[in-house]
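Here is a short report on one helix pair and a few residues worth a look. Have the viewer open and follow along.

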Amino acid sequence: MQTLARHFQDVQTMREIIILAKIEQAKREVKHMPTEGKVHAQLAYAYKKLYKLYLDPRKQGKEVSYPFLIRFYTKEDVIHKFTQAAKKLEEELEILENYCPDESWIYIEQAELYRELEEPLLEMKAYQKALERDKHNLEILFHLGRVCFLNGNKAEGLKIYEILKRMQSSRAEELIGWY
């Protein structure tokens, strides 16, 4: 078991080094083109990779069968790295929101981040912004309905359920399971 734990740690370290190098490269590009949305998107993507590296798989509903994994993801330094990377991603998404305000994907990324940070009200606001920009996107609508149910906003969740049902989306029945 120690060999497996050591191998996991080595792989995590290699992945971290690669991602940190990508972040440094993206930061250099931002310095050359500070108002270019595409460059900030690359930096945001790198920060997303970094925080996902430190994200406890149990927060994503995945089963963790090895005790060393639980110990790894609950170590104070890993939690700190996760928090710092998530904050950096949040900052880059805010920058992108200013430079590309009509892009729904930015708000979807924010919503996913807030879900993993266990910030349901911010998640709901992000999905609402995404839906304002992409009104006919059934996936955004589904996720907004799910968050409404989770936040106790059942009336709004039911409205979204009815919309999905009217549009004959298979997601309507899945959504009502969150009621």
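Gln 110 is buried in this predicted model, with a relative accessible area of 5%, which is under the 20% cut-off for that class. Gln 110 belongs to helix H5. Setting aside neighbours within four places in sequence, Gln 110 is in contact with Leu 93, Glu 94, Glu 97 and Ala 126.

Two packed helices are described by the angle between their axes and the distance between the axes. For helix H4 (residues 76-99) and helix H5 (residues 104-116), the axes come within 10 Å and cross at roughly 155°. Angles over 145 degrees count as roughly antiparallel, and H4 and H5 are therefore roughly antiparallel to each other. Their crossing is left-handed.

Which residues of H4 and H5 meet? On the H4 side they are Phe 82, Ala 86, Leu 89, Glu 90, Leu 93, Glu 94, Leu 96 and Glu 97. On the H5 side they are Trp 105, Ile 106, Tyr 107, Glu 109, Gln 110, Leu 113, Tyr 114 and Glu 116. Sorted by class, this contact of H4 with H5 has 10 nonpolar, one polar and five charged residues.

Now for the cysteines. A search of the whole structure finds zero disulfides.

| Residue | Relative accessible area | Class |
|---|---|---|
| Gln 110 | 5% | buried |
| Cys 100 | 21% | partly exposed |
| Cys 148 | 0% | buried |

Cys 100 counts as partly exposed at 21%, whereas Cys 148 is buried at 0%.

How values were computed: Residues numbered from 1 in each chain as written. Predicted model: local features only at pLDDT ≥ 70, side-chain atom pairs only at ≥ 80, totals over all residues. Heavy atoms only, no water. Axes fitted to C-alpha atoms, helices over the stretch in contact; angles between N-to-C directions. Helix = DSSP H or I, 4+ residues; strand = E, 2+ residues; numbered from the N terminus. Parallel < 35°, antiparallel > 145°, perpendicular 65-115°, else oblique. Left-handed = near helix turned anticlockwise from the far one by under 90°. Contact = heavy atoms within 4.5 Å. Nonpolar A, V, L, I, M, F, W, Y, C, P; charged D, E, K, R; others polar. Disulfide = S-S within 2.5 Å. Buried < 20%, exposed > 50% of the residue type's maximum accessible area, 1.4 Å probe, protein only.
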